[in-house]
Amino acid sequence: MENNTQKTASNLSEAVDIGFLDLSKAEFYVTPGGFTGLKYGGEVYQRIVLRRALPVASAMEYISVADHENREIGMFRCVDSLNAGQREIVVAELEKRYYCPFVYQVKSVKDKLGYVYFELSIGRDGRRYDKTCTVKDVSKNIRMLGDDRLIIFDVDGNRYMVESLAELDKKSLSRLGPYLF
């Protein structure tokens with residue numbers, strides 16, 4: 001029985017131990033089809049998935065790397081550890097995956113049947129557009145980040161960032177007020 005327990009524990013630790021990548025041996029690249037790939041340890045991964053372990057608090061630290069079948073390749077501690085070219089590829093991929101427009105205005109809020117519908121003016125990189133997002137369970141999906149920042153998660157998994165509550169117009173702030181806990 002002990003032998004079986006040790007074998008299970010060993011398999012479990014092997015399954016959980018992702019390990020850190022040696023970035024001096026890693027080469028991130030963009031495929032002709034526009035996917036992000038990785039050459040590492042004699043292997044060529046033509047399509048990888050990058051995930052932030054701490055997406056809100058430390059967005060550019062502890063990045064998980066998996067193959068296209070979602071098998072973990074490893075993790076690296078900080079995007080800044082990469083050279084400029086590699087960093088550009090990784091940051092571009094993370095920005096695609098974690099696209100998070102800024103909220104400039106809250107135009108209306110409607111509460112119906114356990115869902116809250118926000119009509120927002122959002123944008124990024126100089127572009128603005130209107131979007132309605134639906135939030136369920138506002139106590140979990142509208143979160144303060146420090147004293148002045150706010151993030152909203154909608155039912156589709158999209159994220160919307162209020163960079164500064166103090167910079168929102170008074171009407172927007174009053175519309176958000178009932179949902180700030």
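**Stop one: the arginine 71 pairs**

Select glutamate 69 and arginine 71: their side chains meet in a salt bridge, 2.7 Å from N to O. A salt bridge here is a side-chain nitrogen of Lys or Arg within 4 Å of a carboxyl oxygen of Asp or Glu. This is a predicted model, where local features need pLDDT of at least 70 and side-chain atom pairs count only at pLDDT 80 or more, while totals for chains, interfaces and linings use all residues. Residues are numbered from 1 along each chain as its sequence is written, and side-chain values use heavy atoms, leaving out hydrogens and water.

Aspartate 67 is buried at 6% relative accessible area, while arginine 71 is partly exposed at 49% (buried is under 20%, exposed over 50%, partly exposed in between, with a 1.4 Å probe and protein chains only).

**Stop two: glutamate 95**

Next, pick glutamate 95 and arginine 124, whose side chains form a salt bridge of 3.1 Å, N to O. Glutamate 95 sits in helix α2 (84-97) and arginine 124 in strand β8 (115-124), so the pair ties together parts 29 residues apart in sequence. Helices (H or I, at least four residues) and strands (E, at least two) are DSSP runs, numbered from the N terminus.

**Last stop: phenylalanine 20**

Finish in the loop between α1 (2-16) and β1 (26-30), where you'll find phenylalanine 20. Phenylalanine 20 is partly exposed, at 41% relative accessibility.
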